[in-house]
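This briefing walks through the structure shown below, topic by topic. Please keep the sequence and the coordinates at hand while reading.

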Amino acid sequence: MKKSTPLVSIIMPAYNAEKYLEESVESILNQTYNNWELIIINDGSSDATGNFISKYVGQDSRIVGVENTSNKGLVYTRNRGLQSANGKYVANLDSDDVADPNRLKLQVDYLEKHPDVILLGSSCELIDQ
């Protein structure tokens, strides 16, 4: 069976992110909107980031892991994520961010109702270190 094309591709660069990665990925898994793919790019981490990514890739077919051969930096890594994206829309989420459960639903609903809009932003709330 062919995998369906997601409407939203979420790009998540990760460099030495083991401390926050689980909570960040779980915030995507708990979204009220489900037609997405999460592309996590390991940017040459020296901690257990790669292990966390492998665990999630094995648990959910919507999660894709990409590996940089070494630390290439944020711009290079985001671009690798964009090259892997299949969605009509692209969302960014850093590996130490937590997405509100309704984030994707609200953003997709708005974009679908307003085809003239090409870019959305959102606010943030500082939750801890």
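In this predicted model, Lys72 lies over the face of Tyr76, at 5.7 Å from the ring centre. Pairs between aromatic rings, by contrast, are absent, the structure holding zero of them. The points below take up the sheet, then its strands, and then a series of individual residues.

**The sheet and its packing**

- Four strands, in the order β3-β2-β1-β4, make up an open sheet, and their pairing is parallel.
- The edges of this sheet are formed by β3 (63–67) and β4 (89–92), each of which pairs on one side only.
- Neighbouring strands of the sheet are turned by 25 degrees against each other on average, if direction is ignored.
- Strands of a sheet pair through backbone hydrogen bonds, and the pairing can be either parallel or antiparallel.
- Helix α2 lies across β1, β2 and β3, and its course makes an angle of about 150 degrees with β3.

- Strand β1 is largely enclosed by the rest of the structure, because seven of its seven residues are buried.
- Val8, Ile10, Met12 and Ala14 point one way from β1, whereas Ser9, Ile11 and Pro13 point the other way, and all of these residues are buried.
- With β2, strand β1 pairs in the parallel sense over seven bridges, and within this pairing Met12 stands opposite Ile40 of β2.
- With β4, strand β1 (residues 8–14) pairs in the parallel sense over four bridges; Val8 stands opposite Tyr89 in β4, and Ile11 stands opposite Asn92 in β4.

**Strand β4**

- In a regular strand the side chains alternate between the two faces of the sheet.

**Ser45 and Asn16**

- Ser45 has its place in the loop between β2 (36–42) and α2 (49–59), and it counts as buried because its relative accessibility is 17%, under the 20% limit.
- The side chain of Ser45 has a polar atom 2.7 Å from the backbone nitrogen of Asn16, and a polar contact of 2.7 Å also joins the side chains of Ser45 and Asn42.
- If neighbours within four places in sequence are left aside, Ser45 is in contact with Ala14, Tyr15 and Asn16.
- Asn16 itself lies in the loop between β1 and α1 (18–29), and with a relative accessible area of 30% this residue is partly exposed.
- Most residues other than glycine have a negative phi.
- Asn16 has a positive phi of about 45 degrees although it is not a glycine.

**Thr5, ahead of the sheet**

- Thr5 is placed in the segment before β1, and it counts as exposed because its relative accessibility of 55% is over the 50% limit.
- Thr5 and Glu37 are separated by 32 residues in sequence, while their C-alpha atoms are 8.7 Å apart in space.
- Apart from neighbours within four places in sequence, Thr5 is in contact with Asn35 and Asn86.

- Asp97 is found in the loop between β4 and α4 (103–113), where its relative accessibility of 31% makes it count as partly exposed.
- From Asp97 to Thr49 the separation is 48 residues in sequence and 15 Å in space, C-alpha to C-alpha.
- With neighbours within four places in sequence set aside, Asp97 is in contact with Ser24 and Ser27.
- Gln107 is found in helix α4, and it is buried, because its relative accessible area is 16%.
- Once neighbours within four places in sequence are excluded, Gln107 is in contact with Leu120, Gly121 and Ser122.

Definitions and conventions:
Residues are numbered from 1 along each chain as its sequence is written. This is a predicted model: local features need pLDDT of at least 70, side-chain atom pairs count only at pLDDT 80 or more; totals for chains, interfaces and linings use all residues. Side-chain values use heavy atoms; hydrogens and water are left out. Rings of Phe, Tyr and Trp (its six-membered ring) pair if their centres lie within 6.5 Å; planes under 30 degrees apart count as stacked, over 60 as edge-to-face and the rest as tilted. A charge sits over a ring if NZ of Lys or CZ of Arg is within 6 Å of the ring centre and within 35 degrees of the ring normal. Helices (H or I, at least four residues) and strands (E, at least two) are DSSP runs, numbered from the N terminus. Buried means under 20% relative accessible area, exposed over 50%, partly exposed in between (1.4 Å probe, protein chains only). A polar contact is a pair of N or O atoms within 3.5 Å; within protein, one must be able to donate a hydrogen and the other to accept it, and residues adjacent in sequence count only if both atoms are side-chain atoms. Contact means heavy atoms within 4.5 Å. Two strands pair if DSSP finds at least two bridges between them. Axes are lines fitted to C-alpha atoms, for helices over the stretch in contact, and angles run from 0 to 180 degrees between N-to-C directions.
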